Amino acid sequence: MTSWTDEYSEKGYAFPFRLFNGHQAKKYRAALEKIETEHDEGLVKLAIGHSNSLIPFVDEITRLDAVLNPVKEILGPDLLVWNSSFFIKEPQTTDFVSWHQDLTYWGLTDSHEVTAWIALSPATEQSGCMKFVPGSHMGNIVEHRDTFADNNLLSRGQELAVEVNEQDAVNVVLQPGEMSLHHGRLFHSSHYNQTDDRRIGLAIRYITPDMQQTINEKTDATLVAGTDKFDHFNLKKAPNGLLNTDDIRAVEHNIAIKEKFLMAGVEK
Ligand SMILES: O=C(O)CCC(=O)C(=O)O
């Protein structure tokens, strides 16, 4: 019988992994939605885009054994979180994510990266779950073009400049509390949410400490398993509290550095 790790190597993804039950998923969702209602839009946007640095319960999720154990089977025992963010699609909206490869603009020297995507509401074909193209991680990073489309959830609306045959794609259907794992070069996308509920997913970007930014500047990362013998990143601790002022300052500094590669070639 083929193991899930063999399948991951062949296809570039694996799912579903059950992390916690639906009741726990509801609790996390309620905690997120409390933040969304109690803080202003700018702060909420920052928290959603840099969630493990600013929201303690997200930092806790990034350290759960149920998440880390399968990621370790792919990347090994030493793990950093480079970023984590929520992807939220409101009910009956045309927000989408174009076909892309995650590592395209992250300015990292290698591809020792896995995304853990955790559902906090049902991710179905109707609600706009992710779609993966099996085996597409085997090739290199291909050319992307920027679209800056308003309803594209990616920072520059980037999309693959090559055709993707939708027939080849697999729907990543997940129930609340389940997780998928995908490779940083995998072709993936997601379509509109045509349901009456929000579609909420938490994406956690795990990397190995030997990775490095291609620019001569360190960015922040959080050591969540094993050790870091390389010193290629500024290691950050768990957040000091919810939306803590010092943590916000650190995140803003990190964003300024990351813009040099995330927004490279984009005119202000
Ligand atoms: O949540 C989505 O629909 C897309 C997420 C994504 O592209 C990613 O996690 O890499």
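Predicted model: local features only at pLDDT ≥ 70, side-chain atom pairs only at ≥ 80, totals over all residues.

**Entry 1: the ligand**

I began with side chains that reach the ligand, and a polar side-chain atom of H100 lies 3.3 Å from one of its oxygen atoms. I was counting polar contacts here, meaning pairs of N or O atoms within 3.5 Å; within protein, one must be able to donate a hydrogen and the other to accept it, and residues adjacent in sequence count only if both atoms are side-chain atoms. W117 also has a polar side-chain atom 3.0 Å from a ligand oxygen. For S190, I found an N or O atom of the side chain 2.6 Å from an oxygen atom of the ligand. How much of the ligand does the protein bury? It buries 100% of the 290 Å² that the ligand exposes when taken alone (accessible areas come from the Shrake-Rupley method with a 1.4 Å probe; for residues, only the protein chains shown count as cover).

Residues are numbered from 1 along each chain as its sequence is written, and side-chain values use heavy atoms, with hydrogens and water left out.

**Entry 2: the shell**

I listed 14 residues around the ligand, and D102, W117, H188, S190 and R199 come nearest (near means that a heavy atom lies within 4 Å). By class, the shell has five nonpolar, five polar and four charged residues. I used these classes: Ala, Val, Leu, Ile, Met, Phe, Trp, Tyr, Cys and Pro are nonpolar, Asp, Glu, Lys and Arg are charged, and the others, Gly among them, are polar. Which element gives the most to the shell? I found that β11 does, with three residues (helices, H or I of at least four residues, and strands, E of at least two, are DSSP runs numbered from the N terminus).

**Entry 3: the cavity**

Where does the ligand sit? It takes the space of the largest cavity (to sit there, more than half of its atoms must lie within 2 Å of the grid points). I needed the rules: on a 1 Å grid over the protein atoms alone, a cavity is a set of points where a 1.4 Å probe fits but cannot get out, and a pocket is an open set with protein on both sides within 12 Å along at least five of seven lines; lining residues have an atom within 4 Å of a point. Points are joined across faces, edges and corners, and a volume is the space filled by probe spheres set on them.

The largest cavity holds about 110 Å³ of space. It is lined by 14 residues, with F87, V97, W117, M130 and H188 closest to its centre. Elements β3, β10 and β11 each give two or more residues to that lining.

**Entry 4: the pockets**

I put the largest pocket at about 1300 Å³. Its lining has 37 residues, and K45, G49, S85, L153 and S155 lie nearest the centre. I sorted them into 14 nonpolar, 10 polar and 13 charged.

The second largest pocket has about 310 Å³. I noted 20 lining residues, with S53, D220, K236, K237 and V251 nearest its centre. Helix α7 gives the most to this lining, six residues.

I spotted a cis peptide bond from F15 to P16, with omega near -5°. P16 lies in strand β1.
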